[in-house]
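Here is a report on one protein model.

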Amino acid sequence: MTASLLPPDWSARLHKALSDPSYQALQSWLSAERASHVVYPPEEEVFTAFHLTSFEAVKVVILGQDPYHGEGQAHGLSFSVKPGVKVPPSLRNMYKELERDLGVARVDPKTNGDLRPWATQGVLLLNTVLTVRASEANSHRRRGWERFTDEVIRLLSAEKEHVVFILWGKPAQQKLKLIDTEKHTALMSAHPSPLSARNGFFESAPYSKTNEALVAHGQAEVSWSLD
């Protein structure tokens with residue numbers, strides 16, 4: 001997988017990260033990994049988040065960990081699955097909180113987990129690791145993706161004037177050190193996973209708080225409805 005799969009606006013800004021030896025080593029390793037194992041998402045969908053949300057458009061970042069590892073789930077957007085794919089538990093909890101927070105009626109959890117309508121409004125749905133071996137969660141951790149996505153976060157923090165960073169769970173919250181909180185908003189809570197959602201995710205109101213922060217800085221609200 002080459003840097004050419006990134007859209008030009010992102011690849012130009014991430015030139016240093018893309019030319020770093022660690023990124024080159026990651027790509028060599030990924031080529032071998034795909035040759036011997038099933039890897040998600042497909043190569044052409046690894047950078048979906050960057051294609052749907054241009055650098056200039058980013059106003060919110062929802063940071064996930066690594067892609068879903070089931071067949072047909074991952075398509076390059078954190079927490080999202082394609083239409084017709086059963087909605088994973090974490091996303092179902094996100095929908096529950098969205099209904100509680102903003103009164104947005106839940107979509108059919110059996111058929112609609114597609115978050116592309118958020119992405120096209122400036123919500124960068126970014127995982128810290130962008131690939132995974134089938135049926136093996138976290139199998140591509142510490143292979144080099146973290147260094148690349150850390151640079152994405154640093155870039156947004158340095159060059160954008162106000163972004164809302166939504167950090168759910170400890171792995172995402174560890175990225176707080178990369179964010180200039182003097183000019184950006186960081187919203188932190190427990191992860192929406194069924195294992196932790198009742199320990200601070202539910203009733204955290206991330207959607208309304210995001211829109212409040214955006215409006216306070218002269219930006220348009222996100223329409224969180226997926227109808």
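## Salt bridges

Ten salt bridges turn up when the whole structure is searched. The model is a predicted one. Side chains of opposite charge can pair when their charged atoms come close.

## The largest pocket

Rolling a probe the size of a water molecule over the atoms shows where empty space is left. The largest pocket has a volume of about 530 Å³. Its lining counts 31 residues. Closest to the centre are Gln 65, Asp 66, Pro 67, Tyr 68 and Ser 90.

Which elements give two or more residues to the lining of this pocket? They are α4 (48-52), α5 (89-102) and β3 (123-127). β3 gives the most, with three residues. By class, the lining of the largest pocket holds 17 nonpolar residues, 13 polar ones and one charged.

## The second largest pocket

The second largest pocket holds about 240 Å³ of space. Its lining consists of Gln 65, Thr 128, Arg 141, Arg 142, Glu 146, Pro 171, Gln 174, Lys 175 and Lys 177. Five of these lining residues are charged, three are polar and one is nonpolar. Gln 65 lines this pocket, and Gln 65 is also among the residues closest to the centre of the largest pocket.

About 40 Å³ of space lies in the largest cavity.

Tyr 95, Leu 98, Val 104, Ala 105, Arg 106, Val 107 and Leu 226 form the lining of the largest cavity. Six of the lining residues are nonpolar, none is polar and one is charged.

## Helix α5 against helix α9

Two packed helices are described by the angle between their axes and the distance between the axes. The axes of α5 and helix α9 (residues 206-216) come within 7 Å. They cross at roughly 60°. The two helices, α5 and α9, are therefore oblique to each other.

On the α5 side, the contact is made by Met 94, Glu 97, Leu 98, Asp 101 and Leu 102. On the α9 side, Pro 206, Tyr 207 and Ser 208 take part. The contact of α5 with α9 has five nonpolar residues, one polar and two charged. Leu 98 is part of this contact, and Leu 98 also lines the largest cavity.

## Backbone details

Is the peptide bond from Tyr 40 to Pro 41 cis or trans? The bond is cis, with omega near -10°. Pro 41 is found in the loop between β1 (39-40) and α4.

Glu 203 has a positive phi, near 75°, in a residue other than glycine. Glu 203 lies in the loop between β6 (185-189) and α9.

Key
Residues are numbered from 1 along each chain as its sequence is written. This is a predicted model: local features need pLDDT of at least 70, side-chain atom pairs count only at pLDDT 80 or more; totals for chains, interfaces and linings use all residues. Side-chain values use heavy atoms; hydrogens and water are left out. On a 1 Å grid over the protein atoms alone, a cavity is a set of points where a 1.4 Å probe fits but cannot get out, and a pocket is an open set with protein on both sides within 12 Å along at least five of seven lines; lining residues have an atom within 4 Å of a point. Grid points are joined across faces, edges and corners, and a volume is the space filled by probe spheres set on the points. Helices (H or I, at least four residues) and strands (E, at least two) are DSSP runs, numbered from the N terminus. Ala, Val, Leu, Ile, Met, Phe, Trp, Tyr, Cys and Pro count as nonpolar, Asp, Glu, Lys and Arg as charged, and the others, Gly among them, as polar. Axes are lines fitted to C-alpha atoms, for helices over the stretch in contact, and angles run from 0 to 180 degrees between N-to-C directions. Angles under 35 degrees count as roughly parallel, over 145 as roughly antiparallel, 65 to 115 as roughly perpendicular and the rest as oblique. Contact means heavy atoms within 4.5 Å. A salt bridge is a side-chain nitrogen of Lys or Arg within 4 Å of a carboxyl oxygen of Asp or Glu.
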